[in-house]
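Here is a short walk through a structure. Keep the 3D view open and follow along, one region at a time.

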Amino acid sequence: MADISEAPGETHQISETTHKAEEPESDFDPKTMRNSKPGIKRLILTLSVLFSFLLGFPFLWKSVEIYRAPLPFREIDMLSAQIESNPLLFPCHFQAIFVGFDSKPSMTPDALGSSILSQMTKLTAKPPQCGTCSTNFSIAVTVDSSSGCIQTRNLEYTSSWRCGSMGTIDFSDDEGVDKALADSLGGKVYSVVVVNGDREEVSAVVGKYRHAWVVGRVSEAEAVARAAEIFVKVFMNGGKEEGLIHGEFMPVGADGKIVLSFNLLNSDPQDWVYDWDFQSIDETLLAPVIEALESVANISVESQVLYHTPKSSFSHWDDEQESYIFSTKDLPFFVNSNEWHLDTSIAAGGRSKILQFVVYIPSARECPLLLQLPNGEISKTNGFISPMWGGVLVWNPKDCLKDSESQHPLRRTISQQDLQEVFEVVMGQFRQLFGLKSNNVYVGASGTSSLLASERGFTEWELDVLSRQHTCFNLHSCATTLGSLSRLVQSLPRMIIMDEIGKQVMYSLEAANLARSNASLGLYDASAVSSRQARSLAEDAFFHPSIMSVSYYSFEHCFAVYSPFFLPVSMHVLLAALREWRRYKQENKKYVAWKTKVKKDS
Amino acid sequence: MAHLPRPTLSLFLVLSLQIIFSAIAFGSDFQESDEEEFSEELLLRPLPDRKVLAHFHFESRAPPSLSDSHGRHHHLFPKAIAQLVQKFRVKEMELSFTQGRWNYDRWGGFDPISSSNAKPPGVELWAAFDVPQYLVDASWKNLTHTLSGLFCASINFLESSTTYSAPEWSFHPSSGSLRYGTLPREAVCTENLTPWLKLLPCRDKAGLSVLMDRPSIYRGFYHSQQLRLTSPEFEGRLESGIVLKQTLTVVLQPDSQGASNTYSSETKLQPSWSLSSIFGRKVTSRCVLAKSSNIYLQLEGGLVTELENVRKENVISWIDNVGSEGWRTNPFFDLSVNPDSVLREVNSLHGSSSSVLYEYSVAKYSDSRPFDLGLKWKSPVVWSCPQAPLHASRFLMGSGNERGAIAISLISTGLNEHFLGANIVEGSCKLEVDIFQVVPWYVKVYYHTLRVFVNGQPQAVTDVVEKMRVSPSEDKVSPGVMELVLKFPCDVKSAALTLEFDKGFLHIDEYPPDANQGFDIPSAIISFPNFHARTHYFEDSSLKRSPMLSKFQEKSRVRSYSEVLLVPLTTPDFSMPYNVITITCTAFALYFGSLLNVLRRRVGEEERFLKNRAAKKAGRLAQLLSMLSAKIRGKKWEHPQSPSASSSFISLKLIVKVVLVTGIAIAWQYYSQ
């Protein structure tokens with residue numbers, strides 16, 4: 001059959017016999033001309049088959065197409081670009097109150113305001129960090145002197161400060177001052193009260209709320225410098241030192257939950273077995289902290305006691321300290337993940353963050369066990385933290401003597417007082433995990449300020465810092481999650497994407513934008529809530545089970561299924577159309593040649 | 001219940017008296033302190049077939065969680081389990097990992113261990129939830145996933161509704177909130193034991209669990225690791241919290257080197273063993289956190305009878321010889337360590353002698369003086385274990401890949417005669433048997449084909465079957481479940497049930513890996529509701545009852561598991577879909593191509609062309625032929641007249657064609673007949 005279909009292409013083609021027989025002319029060459037129009041029936045037929053095939057292809061393509069919900073790739077890129085280029089900044093309001101300064105021409109509120117402002121701009125980090133205050137600070141200055149009370153004007157808010165109310169406050173009692181100032185200042189405005197007094201030594205205290213005060217004999221310039229430093233370093237940045245945990249590592253789960261898992265490890269119960277009354281600690285010490293941190297995270301607490309849990313690093317006996325010493329370079333090996341079955345919590349659903357706090361009781365062979373700092377000193381807390389994991393604290397029993405005669409080990413409960421001390425350290429570790437200072441002194445360039453510790457673990461201004469950072473962290477991780485999702489989806493063109501994912505991505509973007517707009521308006525809580533929502537939706541989309549499953553219908557698979565049919569058939573159809581077309585052209589040429597000849601002849 | 005014969009009634013009286021007694025005993029037990037408790041025990045029992053049974057029993061108790069801020073703080077009780085119970089509101093749960101099959105004939109079928117610790121091979125999980133009916137399935141699914149993560153096993157395969165069922169009354173009394181599922185092919189190994197040990201406060205660092213040397217315990221004939229949870233607090237009983245019982249039952253073969261060769265009699269001497277010889281380790285210390293840690297050596301009733309027979313001959317009463325040495329040595333064996341106390345079973349229901357328990361407390365031993373109990377046999381002894389009333393086995397009938405039948409055969413072990421011997425006279429004595437059977441959907445059982453044979457004679461189903469619940473399988477949705485209550489006459493010798501089935505076809509992607517191995521039908525559960533496996537040991541009331549012994553005292557029905565059946569199903573060639581695709585596509589392509597060619601064929605032109613060509617070809621061929629003939633004849637070749645030659649050739653071709661067609665027609669005719 002093949003050589004027959006080859007025939008039209010060959011040159012020794014013979015035209016229809018009828019013409020040959022009837023043609024009387026001698027110069028009619030049947031090889032180069034014909035006297036009838038070539039038929040187009042077969043050409044139309046093959047072409048129509050070809051076209052119906054071509055028309056069918058889009059339908060086939062549609063039918064094997066996998067469902068992909070449209071994802072807003074452009075918006076995702078835009079969000080990450082925006083978060084990269086201009087970090088999330090919150091508007092903050094500051095007020096400085098100068099009490100007891102002589103009225104000099106330079107002591108006008110406006111002049112003071114501008115000098116504080118210039119100091120603050122100098123102090124702020126050049127590329128503004130995410131989650132701090134925006135650089136166009138608004139500062140209100142009140143000068144409360146014996147001669148009168150002057151305030152800066154042209155501001156959208158007025159200070160609630162009542163002039164002359166300072167006289168009643170006794171500055172020797174920090175707690176009392178804090179309370180009094182909280183009553184008179186209040187509000188969302190960060191304030192520094194500078195009281196020019198007779199006392200030689202200048203003391204600066206940052207209270208539990210959103211204010212600080214400087215008391216003592218201070219010059220005007222010094223007062224301005226101090227106020228600016230407290231504003232920037234403490235209220236804006238949370239008094240953090242460089243090198244501490246960066247704000248991006250916020251130990252909060254994607255669903256806004258933290259599980260604090262407390263573990264008491266008896267490294268060798270043959271020596272002694274300690275137990276604790278965690279119930280009371282939970283109620284008295286932890287409950288207020290959990291309540292305070294409500295705006296940042298939803299915290300739950302659980303505890304367990306584990307036994308036979310030796311540490312996996314070595315310690316050596318030190319005669320000078322009369323104790324066993326482990327140094328900071330052993331810390332990476334201290335946590336013995338083979339024997340410490342700290343467990344992830346079943347109660348914590350999904351993507352909660354679990355922070356492990358371990359109280360380690362050494363065995364009699366290594367008691368007392370102390371941590372040596374790199375500078376040779378013995379650590380006061382005897383503990384360490386591991387960012388995003390938790391903290392470890394070594395607690396040595398009072399007397400490390402073991403009654404070796406007794407078969408039965410000592411069974412004791414850690415006393416309430418000891419437990420209190422332990423939890424003070426744990427609380428410090430917890431604060432450090434959030435990136436806050438664990439001691440209550442801030443040493444700045446212009447002097448030392450003491451920070452009043454709140455009984456709730458976190459002061460108001462610290463919570464402000466945390467909630468700002470939290471929002472920033474959430475938006476950051478939302479943007480990166482969405483970014484990797486969009487990269488993943490784009491790199492796998494035949495991956496099924498459910499509608500739900502598209503919806504989650506859209507809502508996540510919406511929430512992220514809402515958080516940004518709320519942040520620019522200064523609505524801390526609202527922006528924290530929507531940023532958390534944005535992050536959790538983004539993670540939901542990324543970890544959607546349909547993405548996780550290997551339901552990836554690859555192109556190769558599709559090709560393997562359809563090619564046995566389409567490859568041979570398309571060859572037939574294409575070749576037939578091609579040949580008919582070629583033959584038609586050839587025959588037509590012959591006809592035209594004959595036509596011209598006839599014309600020439602006539 | 002009203003038609004129960006009098007002797008059974010009296011039996012019940014005995015039983016109920018015992019319940020009252022044990023309830024009193026439990027009364028003191030349930031005055032729980034608010035402390036979490038842990039206890040460890042090990043039971044060793046020489047088996048008649050020269051093996052040793054070791055049964056570890058660890059029990060953790062948590063106080064009611066309401067008093068402890070919803071159970072968030074734990075001291076001894078494993079946090080993971082408490083959270084699991086709280087999260088899924090598990091009322092009761094039992095998870096077992098088993099390797100090997102419990103030999104009911106030789107290792108006993110009528111004691112608490114065999115009825116509650118003999119489990120089907122693979123994984124068995126059942127759980128009852130305290131949630132509304134519509135949430136039970138969701139809880140079950142979540143629970144299977146959690147357990148699968150917790151125990152490093154593929155328990156999550158029980159999530160699919162085709163693998164679990166909801167037995168109503170034959171398995172465990174519950175109000176519809178119970179789910180039951182098994183994975184007969186799950187391999188059990190150390191990766192399942194390690195997380196199980198993690199739930200113990202001392203793990204395998206101290207205490208009796210030190211004995212769990214992995215190579216020795218996995219070398220055994222039977223290995224069953226079980227976890228049982230009860231949390232009565234959901235049922236409104238607030239006096240007790242979660243109870244977690246972890247048991248490990250192993251049957252080991254002691255090395256018999258250098259022991260038995262001295263005896264030439266046909267009954268061989270049992271191999272002597274010690275803890276260090278069967279486990280390769282000794283008990284060095286107790287787990288300091290355990291409230292009690294004891295090791296028991298149990299002598300079964302049959303063995304005690306043998307002992308007593310010998311003693312009678314020697315005119316020394318068993319009871320009289322209470323001297324400290326008396327327990328250690330007797331004509332049959334020597335013990336290396338003197339027991340702390342000896343407990344006797346209070347009343348045995350099996351008619352034979354009551355069993356004896358030697359108790360050892362581990363607290364006295366230390367690293368310097370490890371505890372290594374040894375048992376040295378001195379003379380051969382043969383005894384038998386108490387048996388369940390009927391010995392159950394299950395097998396497949398029929399051949400081929402199309403249909404077959406499941407048969408459950410029950411053969412009397414002689415116990416019921418023995419036990420209810422007096423009742424035969426009255427003739428109305430009935431033996432009640434419950435059968436629970438789950439069949440996967442691809443084995444399509446026709447329940448109407450249920451036939452019952454008693455003593456080899458076919459019986460009407462209605463005569464024997466007292467109660468029946470069948471939920472037929474639904475393809476790809478649920479397995480078939482059959483629950484039966486059968487009543488046989490007490491003197492039944494043997495009984496059999498048969499059920500016919502068709503083997504279904506699975507979808508290509510429903511086949512498991514290695515489908516040619518066959519498919520498992522999970523074990524049937526055969527239980528005897530009127531027989532209760534319980535052993536009650538006499539103890540000083542001053543002593544706190546050991547959790548394992550009180551577990552033995554609990555009223556649990558005698559239960560046995562049948563074999564797992566392996567059904568070979570027709571397995572397709574798994575490359576078939578592609579073959580089908582390829583061959584269909586090729587056929588289509590051929591059809592399409594030829595159709596297209598036919599459509600664009602120019603018949604007249606082709607014929608002309610063909611003629612032209614044929615003429616040319618034929619001429620050449622004829623030329624060649626004539627040349628050849630000329631050469632052969634030795635004549636000078638001359639150019640032939642082409643037209644005549646071609647015409648003759650055409651006629652030849654025509655003849656060949658005709659012959660070919662007739663040949664085909666004849667062949668067709670011949671083969672089609």
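Begin in chain B, with residues 578-599. This span is 100% helix and 0% strand. Its end C-alpha atoms are 31 Å apart. Keep in mind that the model is predicted.

Now move along chain B to residues 654-671. Here too the span is 100% helix and 0% strand. The C-alpha atoms at its ends lie 26 Å apart. What does the UniProt record say about these two stretches? The unreviewed entry annotates residues 578-599 and 654-671 of chain B as "transmembrane region".

Stay with chain B and look at its domains. The domain assignment gives domain 1 three segments: 35-259, 267-386 and 533-563. Domain 2 covers 390-522. Domain 1 of chain B brings 19 residues to the contact between them, and domain 2 of chain B brings 23 residues. What classes of residue does domain 1 of chain B place on the side that touches domain 2 of chain B? That side has seven nonpolar, eight polar and four charged residues.

Next, turn to chain A. Find the open sheet of three strands, in the order 12-13-15. The pairing is mixed. Which strands lie at the edges? They are strand 12 (316-318) and strand 15 (369-372) of chain A, and each pairs on one side only. From one strand to the next, the twist averages 50 degrees.

Strand 12 of chain A runs antiparallel to strand 13 (residues 323-327) of chain A, and three bridges join the two. Within this pairing, His316(A) stands opposite Ile325(A) of strand 13.

Terms used:
Residues numbered from 1 in each chain as written. Chains lettered and ligands numbered in written order. Predicted model: local features only at pLDDT ≥ 70, side-chain atom pairs only at ≥ 80, totals over all residues. UniProt positions renumbered as here; feature names shortened; annotations may be inferred. Helix = DSSP H or I, 4+ residues; strand = E, 2+ residues; numbered from the N terminus. Pairing = 2+ DSSP bridges. Axes fitted to C-alpha atoms, helices over the stretch in contact; angles between N-to-C directions. Domains from an automatic or database assignment. Contact = placed C-beta atoms within 7 Å. Nonpolar A, V, L, I, M, F, W, Y, C, P; charged D, E, K, R; others polar.
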